[in-house]
Amino acid sequence: MNQKTFIGVVNPVKDKMYRLALRLLISKDSAEDATQEVLLKLWDRKNKLKDYANIEAFAMTVTKNYCLDQLKSKQNNNLKIVHTNYESQDRSAFEQLETNDRLKEISRILETLPEQQKLIFQLRDIEEYEYEEIAKVMNMNETAIRVSLSRARKKIRIELLKKDSYGIK
């Protein structure tokens, strides 16, 4: 596989890899570094990539594993997430503030979820992966993915409803 072919294969996936790395590592710098490292690993294996049925799922799996290794090495303990990339410029200041508060609240709730549920939520609801693809990335069966996603969504919904109804009788 030459450089042009490799870029054509990896280019559509690199943004998803970055978002997954950002979700896991919290820091933009760490996520960028992780994405670069994974791209280097994929480049080293460029001649073997054609053997994989779903290169995107393979790339996401490598990204997930690399990020988890980074977290285990405790290099990313004190970093914070920033959600400025989710804001639209077409909204009023009040709507932007409200959206920002809601995103912070969802991030806070996500941090309370088990790691597996966080990853599944990220892959399904943010990256919009199919259950089959998530099952390959997470090395789980589709039923377990659906159950875990349902539990994550339910926890998020319950926590948001608690916050929204605070003080209302």
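Mentor: A residue is called buried when its relative accessible area is under 20%, exposed when over 50%, and partly exposed in between, using a 1.4 Å probe and protein chains only. Q117 is buried, because its relative accessible area is 13%. The model is predicted: local features need pLDDT of at least 70, side-chain atom pairs count only at pLDDT 80 or more, and totals for chains, interfaces and linings use all residues. Residues are numbered from 1 along each chain as its sequence is written, and side-chain values use heavy atoms, with hydrogens and water left out.

Trainee: Where is Q117 found, and which residues does Q117 touch, not counting residues up to four places away in sequence?

Mentor: Contact means heavy atoms within 4.5 Å. Leaving out residues up to four places away in sequence, Q117 touches S148, R151 and A152. Q117 itself is found in helix α5, residues 115–126. Helices are DSSP runs of H or I with at least four residues, strands are runs of E with at least two, and both are numbered from the N terminus.

Trainee: How many helices and strands are there in the protein?

Mentor: The protein has seven helices and zero strands, giving the pattern α-α-α-α-α-α-α along the sequence. Of its 169 residues, 36% are buried.

Trainee: How are two packed helices described?

Mentor: Two packed helices are described by the angle between their axes and the distance between the axes. Axes are lines fitted to C-alpha atoms, for helices over the stretch in contact, and angles run from 0 to 180 degrees between N-to-C directions. Here the axes of α1 (residues 3–25) and α2 (residues 28–44) come within 8 Å and cross at roughly 145°. The residues of this contact divide into 13 nonpolar, three polar and three charged. In that count, Ala, Val, Leu, Ile, Met, Phe, Trp, Tyr, Cys and Pro are nonpolar, Asp, Glu, Lys and Arg are charged, and the others, Gly among them, are polar.

Trainee: Which residues of α2 are buried, and against which helices do they pack?

Mentor: In α2, the buried residues are S30, A31, A34, T35, V38, L39 and L42. They pack against α1 and α3 (55–72). L39 counts as buried because its relative accessibility is 16%. Not counting residues up to four places away in sequence, L39 touches F6, V10 and M17. L39 and N11 are 28 residues apart in sequence, yet 9.9 Å apart in space, C-alpha to C-alpha.

Trainee: How is the span of a helix read, for instance in α4?

Mentor: The expected span is 1.5 Å times one less than the number of residues. Helix α4 (residues 93–112) has 20 residues and reaches 29 Å from its first C-alpha to its last, close to the expected 28 Å. Its buried residues are E105, S107, I109 and L110, and what covers them includes α1, α5 and α7 (142–164).

Trainee: What is the phi of I26, and is I26 buried or exposed?

Mentor: I26 has a phi near 75°, a positive value in a residue other than glycine. I26 is found in the loop between α1 and α2 and counts as buried, because its relative accessibility is 16%. N139, also not a glycine, has a positive phi of about 60°. N139 is placed in the loop between α6 (131–138) and α7, and counts as exposed at 71% relative accessibility.
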